[in-house]
Amino acid sequence: KQNGSSTSSSNTNLKSSQSVTSKSVPLKNYAYFQPVAQNKNLQIIADTIGTNTQEKELLKQLFTAAKNGFDDEVKLKGRKYNFAASMTFFIASTLTVYHDAPEPTDEATENLFKALSQMIDETPDMASVPNKDKQFLHDTFISFSGLVLAGYMEAKQSNDKNSLKVY
């Protein structure tokens, strides 16, 4: 959810995409994908970065919660199956954490989404990327966004300065 506040440094970068997206160029929608039923993407990601069974299960739970929250936010805009939307979420999340700043405004994230969508559409090879690969990329962006945000929020709430340095 956007809180309407932002920092000038993150807004400057995100607003620079405004000129790119202000053109009336029809989208090819290469960032959209048809979801593959019964995929195990979140488990694969958790198994790849987790170091033991308990950690892998906790990561999968975190990734599932992040994906459910993300889906709830973007479904109203028709972007549930769009990896430009998840890429926008990843960039906005990591910049917010890195700069220890408020979330970018809705306008800034919309400009970023449009610029990323246009960039993807201008890459002809994206038309032939299989749905399963787009979905894995989408799930990876969401999972890592959730991981970064959860770690950051935990460090902020507990006032753990060492953990904050990591995030």
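The side chains of Asp 72 and Lys 75 form a salt bridge, with N and O 3.7 Å apart; the term covers a side-chain nitrogen of Lys or Arg within 4 Å of a carboxyl oxygen of Asp or Glu. The structure is a predicted model, in which local features need pLDDT of at least 70, side-chain atom pairs count only at pLDDT 80 or more, and totals for chains, interfaces and linings use all residues. Residues are numbered from 1 along each chain as its sequence is written, and side-chain values use heavy atoms, with hydrogens and water left out.

**Fold and confidence**

- The chain holds 8 helices and 0 strands; both are DSSP runs numbered from the N terminus, helices being H or I of at least four residues and strands E of at least two.
- Its pattern along the sequence is α-α-α-α-α-α-α-α.
- Mean pLDDT for the chain is 87, and 84% of the residues score at least 70; pLDDT is the predictor's confidence in each residue, from 0 to 100.
- Contact means heavy atoms within 4.5 Å.
- Where pLDDT is low, the predicted coordinates should not be read in detail.

**Burial and surface**

- Of the 167 residues, 36% count as buried. Buried means under 20% relative accessible area, exposed over 50%, and partly exposed in between, with a 1.4 Å probe and protein chains only.
- The accessible surface of the chain is about 9,900 Å², and carbon and sulfur atoms account for 55% of it. Areas come from the Shrake-Rupley method with a 1.4 Å probe; for residues, only the protein chains shown count as cover.
- Among contacts in the chain with a separation of 6 or more, 80% join residues 24 or more positions apart.

**Salt bridges**

- The whole structure has 6 salt bridges.
- Side chains of opposite charge can pair when their charged atoms come close.
- In the Asp 72 and Lys 75 pair, both partners are partly exposed: Asp 72 has 46% relative accessibility and Lys 75 has 48%.
- Arg 79 and Glu 110 form a salt bridge, their closest N and O atoms 2.8 Å apart. Arg 79 sits in the loop between α4 (53-74) and α5 (83-98) and Glu 110 in helix α6, so the pair ties together parts 31 residues apart in sequence.
- Both of these residues are buried, Arg 79 at 13% relative accessible area and Glu 110 at 18%.
- Asp 100 and Lys 156 also pair, with 3.0 Å from N to O. The pair links distant parts of the chain, 56 residues apart: Asp 100 is in the loop between α5 and α6, Lys 156 in helix α7 (residues 131-158).
- Asp 100 is partly exposed at 45%, and Lys 156 is partly exposed at 40%.
- Lys 77, Arg 79 and Glu 110 belong to one network, joined by salt bridges that share partners.

**Helix α6**

- Helix α6 has 16 residues and reaches 22 Å from first C-alpha to last, close to the expected 22 Å. The expected span is 1.5 Å times one less than the number of residues.
- Most of α6 is covered, with 12 of its 16 residues buried. Among them are Ala 108, Asn 111, Phe 113 and Gln 118.
- Leu 112 lies in α6 (residues 106-121) and is buried at 11% relative accessible area.
- Leu 112 and Met 87, 25 residues apart in sequence, have C-alpha atoms 9.4 Å apart.

**Nonpolar cores**

- The largest nonpolar core has 15 residues; Ala 31, Phe 70, Phe 83, Ala 84, Met 87, Leu 116 and Ile 120 touch the most other members. Such a core is a set of buried Ala, Val, Leu, Ile, Met, Phe, Trp, Tyr and Cys residues joined through side-chain atoms within 4.5 Å.
- Helices α4, α5, α6 and α7 each supply at least two residues of this core.
- A second, separate core of 5 residues includes Leu 42, Ile 45, Leu 59 and Phe 63.
- Beyond its neighbours within four places in sequence, Ala 84 contacts Ala 31, Phe 113, Leu 116, Ser 117 and Ile 120.

**Loop between α6 and α7**

- Pro 124 is in this loop and is exposed at 63% relative accessibility.
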